Amino acid sequence: MDNGVKWRAMPADFPPWDRVYAFFRRWRDHVLVREFHDRLRGRVREEAGRDAEPTAGVIDSQSVKADAVVGANSRGFDGGKLINGRKRHVVVDTLGLLLGVMVTAADIGDRAAAKVLLERVIVAHHRLELVWADGGYTGSLVEYCLAALALVLAIVKRSDEMRGFVVLPKRWIVERLFAHLMRSRRLVRDFERSTSSAEAMIYWSMTMVMTRRLARSRSARG
């Protein structure tokens, strides 16, 4: 994750690359990477004095360039960001911890992807009641979330009078997660042939972030 190497270029002190990849593939296909991540997220929330299950979150997306190995069936062009690649749609809790991720072609609209992603997140997190989003999620999605998911989608808009960079309430929380992802060379662009591998890599990256966070918290307590 940190060095962004190919599987075949793994350091010599690791087991043979094909055995390591076999474990990753097995964990990915059996959704174990996400399960490891979710269990750890619950512990991190409890360490922070929160309930293991969140009641509020934030949704956003990030477009990244795709490597040549990414096929045409899962890549597209984001006209707003001028990026040819994939888009990462994420929901985080108010601590910035990942609740759900869905990787699509970059030309998939935020509202269309959010409808699917929020349905998945609600199934996994029954206590979720409120999700903040930016102006790209306005329209029928707000009514759909309330009617079908019993979820309030609150739009945080940027004022037309604002100039330059401005920190908007709640929106910075999800931007911090994107910053964590971009610190991993493997995730600076999308190198994965399948979207399921791309999603697993994001879960794995945030698992490492939480592991370090939990270790610092326990070290501070002595």
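This is a predicted model: local features need pLDDT of at least 70, side-chain atom pairs count only at pLDDT 80 or more; totals for chains, interfaces and linings use all residues.
1. S5 (residues 130–133) and strand S6 (residues 152–155) run parallel and share 4 bridges. Leu130 pairs with Val152 in S6.

2. S5 also pairs with S1. Strand S1 (residues 56–65) lies parallel to S5, and 3 bridges join the two. Here Gly57 sits opposite Val131 of S5.

3. Now the packing of H5 on H6. Two packed helices are described by the angle between their axes and by the distance between those axes. For helix H5 (residues 171–182) and helix H6 (residues 195–220), the axes come within 10 Å and the crossing angle is roughly 100°. Angles of 65 to 115 degrees count as roughly perpendicular, and H5 and H6 are therefore roughly perpendicular to each other.

4. Which residues of H5 and H6 meet? From H5 come Leu177, His180 and Leu181. From H6 come Ile202, Ser205, Met206 and Val209. By class, this contact has 5 nonpolar and 2 polar residues, with no charged ones.

5. Finally, charge pairs. Side chains of opposite charge can pair when their charged atoms come close. The model has 8 salt bridges. One of them joins the side chains of Asp51 and Arg127, at 3.3 Å from N to O. This pair links distant parts of the chain, 76 residues apart. Asp51 is in the loop between helix H2 (32–47) and S1, while Arg127 is in the loop between helix H3 (110–124) and S5.

How values were computed. Residues are numbered from 1 along each chain as its sequence is written. Side-chain values use heavy atoms; hydrogens and water are left out. Axes are lines fitted to C-alpha atoms, for helices over the stretch in contact, and angles run from 0 to 180 degrees between N-to-C directions. Angles under 35 degrees count as roughly parallel, over 145 as roughly antiparallel, 65 to 115 as roughly perpendicular and the rest as oblique. Contact means heavy atoms within 4.5 Å. Ala, Val, Leu, Ile, Met, Phe, Trp, Tyr, Cys and Pro count as nonpolar, Asp, Glu, Lys and Arg as charged, and the others, Gly among them, as polar. Two strands pair if DSSP finds at least two bridges between them. A salt bridge is a side-chain nitrogen of Lys or Arg within 4 Å of a carboxyl oxygen of Asp or Glu.
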